[in-house]
Amino acid sequence: MAFELPPLPYEKNALEPHISAETLEFHHGKHHNAYVTKLNELTAGTENESKSLEEIIASAEGGLFNQAAQVWNHTFYWNSLTPNGAGAPSGDLAAAIDSAFGSFEEFKNQFNAKATGNFGSGWTWLVKNSDGSLEIVNTDDADTPIAHGKGQTPLFTVDVWEHAYYVDYRNARPKYLESIWNLINWDFAAANFAA
């Protein structure tokens with residue numbers, strides 16, 4: 001069974017002015033699609049051909065891990081964003097953020113600092129640990145919190161590879177991070193928190 005590029009959960013221009021249609025043309029249409037294509041090349045005719053992305057991520061390493069994790073990470077990232085963002089979380093997730101970080105504003109400050117300081121290419125995540133606590137986690141390159149059996153549940157992620165923001169923000173990662181709060185899908189994050 002071949003892996004397929006999942007469609008975006010919104011139109012390519014829906015995240016403007018924060019993320020342009022041009023960025024999504026490259027990021028989803030070229031980068032994400034290339035990971036899917038390469039993953040299919042690496043799994044064709046092997047025992048991994050019938051595995052889920054999560055099963056491959058749990059058992060693979062090297063190039064196969066990188067392709068599978070990048071397919072998973074990108075799909076999760078697209079769902080972490082919504083044109084109807086710009087708000088704040090509510091309910092149990094809001095209470096957990098306040099408990100862990102002191103306030104929503106302080107959480108955003110800490111998240112942006114961690115994401116700005118994420119050296120090179122990678123991802124910054126809000127995760128729920130197995131004890132129910134929240135943590136901001138950086139991963140490098142294709143790495144993902146679901147890979148290491150730590151019991152971390154990703155709630156949302158922000159892609160900090162340059163291809164996520166270079167068209168719109170050039171090399172100014174902090175400006176991208178300031179703008180991304182207009183797009184965070186708190187319904188998606190809350191559903192992951194409740195799961």
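When I say buried, I mean under 20% relative accessible area, with exposed over 50% and partly exposed in between, using a 1.4 Å probe and protein chains only. By that cut-off, buried residues make up 48% of the 195 residues in this protein.

Quick housekeeping. This is a predicted model, where local features need pLDDT of at least 70 and side-chain atom pairs count only at pLDDT 80 or more, while totals for chains, interfaces and linings use all residues. Residues are numbered from 1 along each chain as its sequence is written, and side-chain values use heavy atoms, with hydrogens and water left out.

Okay, overall layout. We've got eight helices and three strands, where helices (H or I, at least four residues) and strands (E, at least two) are DSSP runs numbered from the N terminus. Along the sequence that reads α-α-α-α-α-β-β-β-α-α-α. The C-alpha trace spans about 50 × 40 × 30 Å along its principal axes. For 195 residues, a compact globule would have a radius of gyration near 16 Å, and the protein agrees, with 16 Å. That radius is taken over C-alpha atoms, and the globule rule is 2.2 Å times the number of residues to the power 0.38.

Now, the strands. How many residues of β1 are buried? Seven of the seven, residues 122-128, so β1 is largely enclosed by the rest of the structure. In a regular strand, side chains alternate between the two faces of the sheet. Here both faces are covered: Gly122, Thr124, Leu126 and Lys128 are buried on one side, and Trp123, Trp125 and Val127 on the other.

On pairing, which takes at least two DSSP bridges between two strands, β1 runs antiparallel to β2 (residues 134-140) with seven bridges. Leu126 sits opposite Ile136 there. The two make a hairpin with five residues between them, and Gly132 in the turn has a positive phi of about 90 degrees. β1 also runs antiparallel to β3 (residues 153-159), this time with six bridges, and Trp123 has Asp159 as its bridge partner.

The axes of α1 (residues 21-43) and α3 (residues 62-80) come within 9 Å and cross at roughly 145 degrees. Those axes are lines fitted to C-alpha atoms over the stretch in contact, with angles from 0 to 180 degrees between N-to-C directions. With contact meaning heavy atoms within 4.5 Å, the residues involved include Leu24, His28 and Tyr35 of α1 and Leu64, Val71 and Trp78 of α3.
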